[in-house]
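Here's a quick briefing to read with the model open in your viewer.

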Amino acid sequence: MKEFSSITDANLVRLLVQGEHGAFEKLFKRYGQKIFIFSLSYLKSEADAGEVVQEVFLKVWGKRLSLRADGSFQSYLFTIAYNSIKKSFNKKAKEDRFKLELADSLDNGQSVVDYEKNYQLVTEKLALFIDEMPEKRKEIFIQRKKHGKPVRQTALEMSVSVKTVENQITGAMKYLKKRFEDELPGGLLFYALFLEK
């Protein structure tokens, strides 16, 4: 393996385009922690910041054959990171909005105890319905919908096609909708949390 310690970003990018895995590792070591700290300063969550780092370098790896060595690789990375941070904020805002709507719909003048019982019932039913799914569908659903992973990343990590992920998610969503309609119509608003992700 070549020594990368003193090689410029531009040369590392050229090596990466040529298929040199060591160049990718060196770029990750050079910028991974910087992107983590940058993301953490916005997101205030180590787990979320770690996901941004993962997303940035998955994108770099996915686009490695079309990378250009004549621009600022650092700027390219931080642009991806910033867009990922914005996406994370937007996703959280949607989740918070639906949680507020759920709280309003479950309230209806009920006592706090009643509200907590209803909320708990909905979350328990959701966990039960997910657990009833076939193993592969359940795993894909959890990665994509509960953990918010992109379709391509989910496909890559599970060694399946993007189409397979999409089909399994569609099937899972239809199944959950039917189960909620049959057993807990009032819980459909909670189910909407997953539709928006």
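This is a predicted model: local features need pLDDT of at least 70, side-chain atom pairs count only at pLDDT 80 or more; totals for chains, interfaces and linings use all residues.

You'll find Ser84 in helix α4, which covers residues 73-107. Leaving aside residues up to four places away in sequence, Ser84 touches Val52 and Glu55.

**Loop residues with positive phi**

- Lys44 isn't a glycine, yet its phi is positive, near 60°.
- To spot Lys44, look in the loop between α2 (21-43) and α3 (46-62).
- Lys44 is exposed, since its relative accessible area of 67% is over the 50% cut-off.
- Ser159 is another residue other than glycine with a positive phi, here near 55°.
- Ser159 sits in the loop that runs between α7 (151-158) and α8 (162-183).
- With a relative accessible area of 68%, Ser159 is exposed.

**How confident is the model?**

- Across the protein chain the mean pLDDT comes to 79, and 77% of the residues reach 70 or more.
- Confidence is highest in helix α1 (residues 9-17), at 92.
- At the other end of the scale, confidence is lowest in helix α9 (residues 188-195), where the mean is 48.
- Over residues 190-197, pLDDT stays under 50.
- For that stretch, residues 190-197, the model has 27 contacts beyond four places in sequence.

Methods. Residues are numbered from 1 along each chain as its sequence is written. Side-chain values use heavy atoms; hydrogens and water are left out. Helices (H or I, at least four residues) and strands (E, at least two) are DSSP runs, numbered from the N terminus. Contact means heavy atoms within 4.5 Å. Buried means under 20% relative accessible area, exposed over 50%, partly exposed in between (1.4 Å probe, protein chains only). pLDDT is the predictor's confidence in each residue, from 0 to 100.
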